[in-house]
Amino acid sequence: MTDVSELATDLLQSAYDQIGDRAAERDTETERSMSSTVNAFNALYGTNLTEEQGWMFMVFLKAARAKGGRVRVDDYIDGSAYFALAGEAAIKSRR
């Protein structure tokens, strides 16, 4: 990521790569752990979060972390990936 004019594209490419890498790290086909996560959270706390809301929670977590201190590129890469996964969940659930 050296050319400033291509940073956004690089960040998005890294987010895309990361989604695939996380699946490979966990020996699964895809990184789609949020459904299990919100199901467990809902059972424990009696809430009714959706998969989309779970991913959006992660987007806001990364946004909150990114607002201060030194720039950590990881916050923007993860945030981009989580936002894409939230969109995927929204599309699947609202068809």
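Read along the sequence, the protein chain follows the pattern α-α-α-α. This is a predicted model, in which local features need pLDDT of at least 70 and side-chain atom pairs count only at pLDDT 80 or more, while totals for chains, interfaces and linings use all residues. Residues are numbered from 1 along each chain as its sequence is written, and side-chain values use heavy atoms, with hydrogens and water left out.

Me: Where in the protein chain is confidence lowest, and where highest?
Reply: The score here is pLDDT, the predictor's confidence in each residue, from 0 to 100. Helix 1 is lowest, at a mean of 88, and helix 3 is highest, at 97. The protein chain averages 90, and 91% of the residues score at least 70.

Me: Why is helix 2 called roughly perpendicular to helix 3?
Reply: Angles under 35 degrees count as roughly parallel, over 145 as roughly antiparallel, 65 to 115 as roughly perpendicular and the rest as oblique. Helix 2 (residues 34-45) and helix 3 (residues 51-66) pack at about 100°, with their axes 8 Å apart. That angle makes helix 2 roughly perpendicular to helix 3. The axes are lines fitted to C-alpha atoms, for helices over the stretch in contact, and angles run from 0 to 180 degrees between N-to-C directions.

Me: Which residues make the contact between helix 2 and helix 3?
Reply: With contact meaning heavy atoms within 4.5 Å, helix 2 brings Met34, Ser35 and Val38, and helix 3 brings Glu51, Gly54, Trp55 and Met58.

Me: How do you know that glutamine 18 is buried?
Reply: Buried means under 20% relative accessible area, exposed over 50%, partly exposed in between (1.4 Å probe, protein chains only). Glutamine 18 has 14%, so the label is buried. This residue lies in helix 1 (residues 7-25). Leaving aside its neighbours within four places in sequence, glutamine 18 is in contact with Asp74, Ile77, Asp78 and Ala81.

Me: What makes lysine 62 and aspartate 74 a salt bridge?
Reply: The rule asks for a side-chain nitrogen of Lys or Arg within 4 Å of a carboxyl oxygen of Asp or Glu. Lysine 62 and aspartate 74 meet at 3.1 Å, N to O. Lysine 62 lies in helix 3 and aspartate 74 in helix 4 (residues 73-93), so the pair ties together parts that are twelve residues apart in sequence.

Me: Which residues are linked with Lys62 in a network of salt bridges?
Reply: Asp74, Asp75 and Asp78 are linked with Lys62 in that network. The side chains of lysine 62 and aspartate 75 meet at 3.6 Å, N to O, and those of aspartate 78 and lysine 62 at 2.8 Å, N to O. Aspartate 78 is in helix 4 and lysine 62 in helix 3, so this pair ties together parts that are 16 residues apart in sequence.

Me: Is lysine 62 buried or exposed?
Reply: Lysine 62 counts as buried, at 6% relative accessibility. Aspartate 75 is buried at 7%, and aspartate 78 is buried at 4%. Aspartate 74, at 30%, counts as partly exposed.

Conventions
Helix = DSSP H or I, 4+ residues; strand = E, 2+ residues; numbered from the N terminus.
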